[in-house]
Every structure is written in C-alpha cells, then in structure tokens.
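The following note sets out points for a colleague reviewing the structure shown below.

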Amino acid sequence: MAATGSLSILGALARAIGQLGDPRLRAPLLKSVALSFAAILVLWIGLGYALLHTQLFAIAWLDTTAAAIGGFGVVVLTLILFPTFVAAFLGLFLEAVAVAVEARHYPHLPPARTRSTPAEILAGLRLVGLALGINLLVLPLYFVPGLNLAVFLAANGFLLAAEYVGQGLARRADPATLRSLWRTHRSEAWLAGALFAGLSLVPFVNLAVPVLAVATCTHLVESWLRLGTETAHRG
C-alpha cells in the first residue's frame, strides 16, 4: 500500500481477486457451497416427501399433476435462492477471510475484535432477512424498465456496504472512529456495495461475492484508517 492516499475500490477489489488462490480464502467458499448443497438436498427430500404424500384433490391424476408442478417449482426456487444459501453459510467463515487478508497484506496489525460464532450466525441471518425485506419493499420498482437495475444496485449496494464495510470497521475501529470513518467514506462504501450487488447478478461469480466483499472491505478499511492516521499526524 502506498504511504499516503486512500486505496481505490477497484484497487482493493483487484487485491481481493489476486488472493482468491489462497487456500485460506478458497476453504470458506467451498465449505459454504458444500453446506448449501446439503441444505438444498435436505429441502428437496423433505418437500418431495410432503408433495408425494399430500392429497389435495383426492383425485389421483390431479394430485400427481399438482405434485409434479410443485416439485418443479421447488427446484426452480431453490436454484434461484442458491446464492443466498451460500451467502448465509459464508457468514460462519467471513472472519477467517478477513484474518487471511490481514495475515498476507498487513502482518503488522494487532489482533482484531472478533464476533462469536452465534453473532456470526445472527449476522448472516440478518443479512438475508434484510435483503429479502428491502427487495420486497422496492419490488414494484423492479417492473419499471430503465429504473429496475438502478434501484437494485442502490438498495442492495447500501445494504452490502452497511454489512461488509461496517463489519470491517467494527473489527479495527472504536465506536467514535467507526462513525467518523463512515461519515467520511459512506459514498465510497455505497459505491463498493453497489459493485458487490452488480457482481451478485453474474452467475457463478455471485457465489464468491461475499468472500470478495469481505476481502475488498478489509483493504478499504485499512486504507482509510491509515489515511486518517497520516492526516492526524500532518495536522
């Protein structure tokens, strides 16, 4: 990192992408994908059993048709929600991603504040819940051509910025510094969140977005903290 100046969002993302070959970053992603497949398999088995043993019409061919349609709907829905499953499970391992980034790029840093496993689980569930809630609120706007993409990036960009940038700041800054840095860099944080939201629309790439987001925000936060320290020293 340069001695002065703030690292750009694209510069931070480039560093994050450059570290994807690190086993310490691959492992959380592979674990979350494996857990997501397992969760979906259990979901398929459970719902499949329910559909096959539920009689809605007491007419064989109608029940068979309903079960087939329901089964197809379950498959489609779970495929659509698969990245959300991955993001939720990745919440269990995101601290490990931040630690790996710091170990490689910032080995001089002291140990960070960490969240407990229950706190990580709650954070993952909160992210999924907020994402569903916000997107339901703006759902009508998604049907407006030319506006839908902008609304998606703005709404989800703010959500992801608050989660990932906020997590990065909380690990390294006291509450007063956290608020100050957020006020100073919130526009940049929102742009970073919008970038993550855009990447989440790309198939297969979206699976790695949480890892890339945490790694990128770790670089950004360290850059902002260093810039703030240098500014204070010059002042």
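**Notes on helix packing and the core**

1. In this predicted model, helix α6 (residues 148-172) packs against helix α7 (residues 175-199) at an angle of about 130°, and their axes lie 6 Å apart. An angle over 145° would count as roughly antiparallel; α6 and α7 are therefore oblique to each other. The crossing in which α6 passes α7 is right-handed. By class, the residues of this contact comprise 18 nonpolar and 5 polar, with no charged residue.

2. Helix α5 (residues 117-137) also packs on α6, here at an angle of about 160° with the axes 10 Å apart. That angle makes α5 roughly antiparallel to α6. α5 passes α6 in a right-handed crossing. On the α5 side the contact is made by A123, R126, L127, L130, A131, I134 and N135, and on the α6 side by F152, A155, N156, L159, L160, E163 and Y164. These residues divide into 10 nonpolar, 2 polar and 2 charged.

3. A further partner of α6 is helix α4 (residues 94-105): the two axes come within 12 Å and cross at roughly 65°. This crossing is right-handed. From α4, the residues in contact are L94, E95, A98, V99 and E102, while α6 supplies Y164, Q167, R171 and R172. The contact of α4 with α6 holds 4 nonpolar, 1 polar and 4 charged residues.

4. Which residues have the most contacts inside the largest nonpolar core? They are Y164, F196 and W224, in a core of 45 residues. Two or more residues of this core come from each of α1 (9-18), α2 (23-52), α3 (60-90), α4, α6, α7 and α8 (205-234). The largest share is that of α8, with 13 residues. In soluble globular proteins, nonpolar side chains tend to be buried together.

5. Leaving aside residues up to four places away in sequence, Y164 touches L94, L127, P210, A213, V214 and C217. Y164 is also listed on the α6 side of the contact with α5 and of the contact with α4.

6. F204 lies in the loop between α7 and α8 and has a positive phi of about 70°, although it is not a glycine. Most residues other than glycine have a negative phi. Is F204 buried or exposed? Its relative accessible area is 72%, and exposed means over 50%; F204 is therefore exposed.

7. As to the overall fold, the protein chain contains 8 helices and 0 strands. Along the sequence, the pattern reads α-α-α-α-α-α-α-α. Of the 235 residues in the protein chain, 37% are buried. Among contacts between residues at least 6 apart in sequence, 80% join residues at least 24 apart.

Key. Residues are numbered from 1 along each chain as its sequence is written. Side-chain values use heavy atoms; hydrogens and water are left out. Axes are lines fitted to C-alpha atoms, for helices over the stretch in contact, and angles run from 0 to 180 degrees between N-to-C directions. Helices (H or I, at least four residues) and strands (E, at least two) are DSSP runs, numbered from the N terminus. Angles under 35 degrees count as roughly parallel, over 145 as roughly antiparallel, 65 to 115 as roughly perpendicular and the rest as oblique. A crossing is left-handed if the near helix is turned anticlockwise from the far one by less than a right angle, and right-handed if clockwise. Ala, Val, Leu, Ile, Met, Phe, Trp, Tyr, Cys and Pro count as nonpolar, Asp, Glu, Lys and Arg as charged, and the others, Gly among them, as polar. Contact means heavy atoms within 4.5 Å. A nonpolar core is a set of buried Ala, Val, Leu, Ile, Met, Phe, Trp, Tyr and Cys residues joined through side-chain atoms within 4.5 Å. Buried means under 20% relative accessible area, exposed over 50%, partly exposed in between (1.4 Å probe, protein chains only).
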